[in-house]
Amino acid sequence: MKRLLCFAFCILTFACIVAGCNTNKAGGGGGDIVIGSKNFTEQVILGELVAQQIEAKTGLKVERKLNLGGTGICHEGVKSGQLDAYIEYTGTAFTSILKEKTISNPKAVYKQVKQQYASKFELEVTEPLGFENTFAMVVRGADAQRLNIATLSQAAKYTPQWQAGFGYEFIEREDGFPGLAKTYGLKFEKSPKIMDLGLMYRALVEKKVDMVAGNSTDGQIATLNLVILKDDKQYFPPYEAVPIVRKETLRKHPKLREAFKALGGIITAKEMQQMNYQVDGEFRKVEEVVRDFLQAKGLLSRQQNR
């Protein structure tokens, strides 16, 4: 039943894209370029960052369709032409979309994703943004200290007494929970709770769950005194953040290439974590956080945002 409900939700969300719905739009309706994002804070920030960069460097008007849903929703959107671009992670593209077996070499993963996206989908994978956001198995700092654990291998002997909380996508995808559980021999007291990504850390702090699958660049990890358990068996593939752009769009608007090229290597993992915290922890507007970041990097002048 849960799978049927999730499938129905995905269909409805994709229908929303086709109909022109927008769940978190920063600008007005319509535009020359449509930028999408998945449904968590970092993705909304990155979608807005791409949108502001394009508007500043090309003069094109951008329509934002942010906070849409999971990987499948955004991938189908950009394939079908309902989206022109969105930010993906190389490991996700490699395992969830291309259905390849995980490998740990970042350059090899990027190369294969770039080649296969071009040949199979007519999509261009531009330069990585500079940071990796891998899955992070997170526990309370007090528990890690009390049990003296720092790795997933060390945690495995305690998980039979724990309750886990994971997002639906992590439970289902090839590089998610099934393979992780097999690699580390993870067994839990009960089946993992399927949770909204935005609620997992609060549930962990309130001891409703004992381990969650977060993201390594989440801003709340340090501020809530949580600990990321080291993936000591290197189960997870590399997850470099990369723009995925329709080749047709790049042919139509050649100046987009320079706009995306300027974003290559611009964001460190620490900077991404800081931006995530500014939105989630300090409750700042995404548009303001992105504008300040681009100005600090010299990609946006104050005059351009007046």
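Reader: Why is Phe-166 called buried?

Author: In this predicted model, Phe-166 has a relative accessible area of 0%. Buried means under 20%, so Phe-166 is buried.

Reader: What makes Phe-188 count as buried?

Author: Its relative accessibility is 14%. The cut-off is under 20%, so Phe-188 counts as buried.

Reader: How many aromatic pairs are there?

Author: The count comes to 10 aromatic pairs, taking ring centres within 6.5 Å.

Reader: Why is the pair of Phe-166 and Phe-188 called edge-to-face?

Author: The ring centres of Phe-166 and Phe-188 lie 6.3 Å apart, and their planes stand at 80°. A pair needs centres within 6.5 Å, and planes over 60 degrees apart count as edge-to-face.

Reader: Where in the chain do Phe-166 and Phe-188 lie?

Author: Phe-166 belongs to strand β6 (residues 164-166), and Phe-188 sits in the loop between α9 (177-184) and β7 (193-194). They are 22 residues apart, and the pair links distant parts of the chain.

Reader: Why is the pair of Phe-177 and Phe-188 called tilted?

Author: The centres of the Phe-177 and Phe-188 rings are 6.1 Å apart, with the planes at 40°. Stacked requires under 30 degrees and edge-to-face over 60. Phe-177 is in helix α9 and Phe-188 in the loop between α9 and β7, 11 residues apart.

Reader: Why does Phe-177 count as buried?

Author: Phe-177 has 15% relative accessibility. Buried means under 20%, so Phe-177 counts as buried.

Reader: Which residues do ring pairs link into a cluster?

Author: The cluster holds Phe-135, Phe-166, Phe-170, Phe-177, Phe-188, Tyr-235, Phe-236 and Tyr-239.

Reader: Why is strand β5 described as largely enclosed by the rest of the structure?

Author: Strand β5 covers residues 135-140, and six of its six residues are buried, so the strand is largely enclosed by the rest of the structure.

Reader: What makes β8 and β9 pairing partners of β5?

Author: Two strands pair if there are at least two bridges between them. Four bridges join β5 to β8 (residues 211-215), and four join β5 to β9 (residues 226-229), so each meets the condition. β5 runs antiparallel to β8 and also to β9. Phe-135 has Asn-215 as its bridge partner in β8, while Val-139 stands opposite Val-227 in β9.

Reader: Which residues of helix α3 are buried?

Author: In α3 (residues 71-80), the buried residues are Thr-71, Ile-73, Cys-74, His-75, Gly-77 and Val-78. Just after α3, Gly-81 has a positive phi of about 95°.

How values were computed
Residues are numbered from 1 along each chain as its sequence is written. This is a predicted model: local features need pLDDT of at least 70, side-chain atom pairs count only at pLDDT 80 or more; totals for chains, interfaces and linings use all residues. Side-chain values use heavy atoms; hydrogens and water are left out. Buried means under 20% relative accessible area, exposed over 50%, partly exposed in between (1.4 Å probe, protein chains only). Helices (H or I, at least four residues) and strands (E, at least two) are DSSP runs, numbered from the N terminus. Rings of Phe, Tyr and Trp (its six-membered ring) pair if their centres lie within 6.5 Å; planes under 30 degrees apart count as stacked, over 60 as edge-to-face and the rest as tilted.
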